[in-house]
Amino acid sequence: MAEVTVRDVRKNYGQVEVLHGIDVDIDDGQFVVLVGPSGCGKSTLLRMIAGLEGITGGTIQIGEQVVNNLPPAKRDIAMVFQNYALYPHKSVAANMGFALKMQDMPKAEIDERVNRAADILGLQPYLKRYPRELSGGQRQRVAMGRAIVRDPQVFLFDEPLSNLDAKLRVQMRSEIRELHQRLKTTTVYVTHDQIEAMTMADKIVVMRDGHVEQVGAPLELYDKPANTFVAGFIGSPSMNLIDGKIDGSKFVSNGMHFDISETANGHDGKAVTVGLRPEHLALADGGFEAKVAIVEPTGSETHLVSRVGDKEIVSIVRERHQFSVGQSITLRPDPSTIHLFDAQSGARL
């Protein structure tokens, strides 16, 4: 196992710079998730750590060694890809042990490592099968097993669950997290799914347009987003972001005003963006009036999309109510959970 240190890493394709001086510290044994929208640079950064992409500037260090110019085979890493990348003509056991065979490792040791990984992943009954005879989840386990047998310093996962259905994704999330807790190998995991990031990571790196927007523990990012981008990206349903200004202890916007005395803090008259988590909006007097536009029952709770003027507000109701489109409701924010951001820069106040 080893820590991974990324310092001022840049990546250019011709004249186009796609990574703009990335700094990330990944501790020994930590599970770090790189998350962000498509095109933000997260997979490019992972491939640079793996040695599959060249580095334009900066340094990447694995353990004590700077690996900028090392080929992938010399970096002591193992990568799990989105498309599994299994050999269709080889059995599960042969797929898992192929990299060790290429290293001229003795057959007895290869068999021992393959069997140990198969035990961990529940693959013992499938060792003689071929990839075409496996389900998507089983194929993903084989790809993980191929990485485990190498006993690397670092595991790299590139959106490994994207091809699975929703139920299997949830199951595999738990299995990957449990695997990490058992092996305690440093892991870097790329996804565009912020729910995956929240449920799996020790630390999340939120990226946008080749920049790091914020780094922190999942609940740290959820409770104290650094800016409106992180606020809107982390959390499902997304945080409501409303532009307006502070008037004394009140927030005022088109068609709404409510108390923000606990967060106003001397910003009277300032143009701000207020952030409201859907679960922090209660059906109660003393808030602002809205009209129900969409009702989405999920079973344990109901998601409401309401309109205030031309602004849509999402709220979560856990009690059973009968809502109808066009119905007037009053939503009251919890003053202690209101987030304030600068209207110009989007930075947290």
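1. Lys11 and its surroundings. In this predicted model, Lys11 touches Val16, Glu17, Val18, Leu19, Thr44, Met48, Glu53, Gly54 and Thr56, leaving aside residues up to four places away in sequence. Lys11 belongs to strand 1, which covers residues 4–13. With a relative accessible area of 8%, Lys11 is buried, since that value falls under the 20% limit.

2. Ile110, Arg113, Val114, Ala117, Ala118 and Leu121 are the buried residues of helix 3. Seen down the helix axis, the buried residues of helix 3 fall within an arc of 135 degrees, so they line one face of the helix. An α-helix has 3.6 residues a turn, so residues three or four places apart point the same way. On the face of helix 3 turned away from the buried side are the exposed residues Ala108 and Asp119. The cover over the buried residues of helix 3 includes helix 2 (92–102), helix 4 (136–148) and helix 5.

3. Helix 2. The buried residues here include Val92, Asn95, Met96, Gly97 and Leu100. Helix 3 and helix 4 are among the elements that cover the buried residues of helix 2. Asp104 follows helix 2 and has a positive phi, near 60 degrees.

4. The largest pocket. This pocket has a volume of about 350 Å³. Its lining comprises 17 residues, of which Ala78, Met79, Phe81, Arg146 and Arg150 lie nearest the centre. Strand 6 (77–80), helix 2 and helix 4 each contribute at least two residues to the lining of the largest pocket. By class, that lining has 15 nonpolar and 2 charged residues, with no polar ones.

5. The second largest pocket. About 220 Å³ of space lies in this pocket. Helix 2 and helix 3 are the elements that give two or more residues to the lining of the second largest pocket. The lining residues are Lys90, Ala93, Ala94, Gly97, Phe98, Lys101, Lys107, Ile110, Asp111, Val114, Asn115 and Leu127. Gly97, one of these lining residues, is buried in helix 2. Ile110 and Val114 also line the second largest pocket, and both are among the buried residues of helix 3. By class, the lining of the second largest pocket has 6 nonpolar, 2 polar and 4 charged residues.

6. The cavity. A search of the whole structure finds 1 cavity of 30 Å³ or more. The largest cavity has a volume of about 50 Å³. Its lining consists of Phe31, Phe155, Phe157, Ile176, Leu179, His180, Leu183, Lys184, Thr185 and Thr187. Strand 7 (154–158) and helix 5 (166–183) each supply at least two residues of this lining. Helix 5 gives the most, with 4 residues. The lining of the largest cavity divides into 6 nonpolar, 3 polar and 1 charged residue.

Note on methods
Residues are numbered from 1 along each chain as its sequence is written. This is a predicted model: local features need pLDDT of at least 70, side-chain atom pairs count only at pLDDT 80 or more; totals for chains, interfaces and linings use all residues. Side-chain values use heavy atoms; hydrogens and water are left out. On a 1 Å grid over the protein atoms alone, a cavity is a set of points where a 1.4 Å probe fits but cannot get out, and a pocket is an open set with protein on both sides within 12 Å along at least five of seven lines; lining residues have an atom within 4 Å of a point. Grid points are joined across faces, edges and corners, and a volume is the space filled by probe spheres set on the points. Ala, Val, Leu, Ile, Met, Phe, Trp, Tyr, Cys and Pro count as nonpolar, Asp, Glu, Lys and Arg as charged, and the others, Gly among them, as polar. Buried means under 20% relative accessible area, exposed over 50%, partly exposed in between (1.4 Å probe, protein chains only). The arc is that of the directions from the helix axis to the C-beta atoms. Contact means heavy atoms within 4.5 Å.
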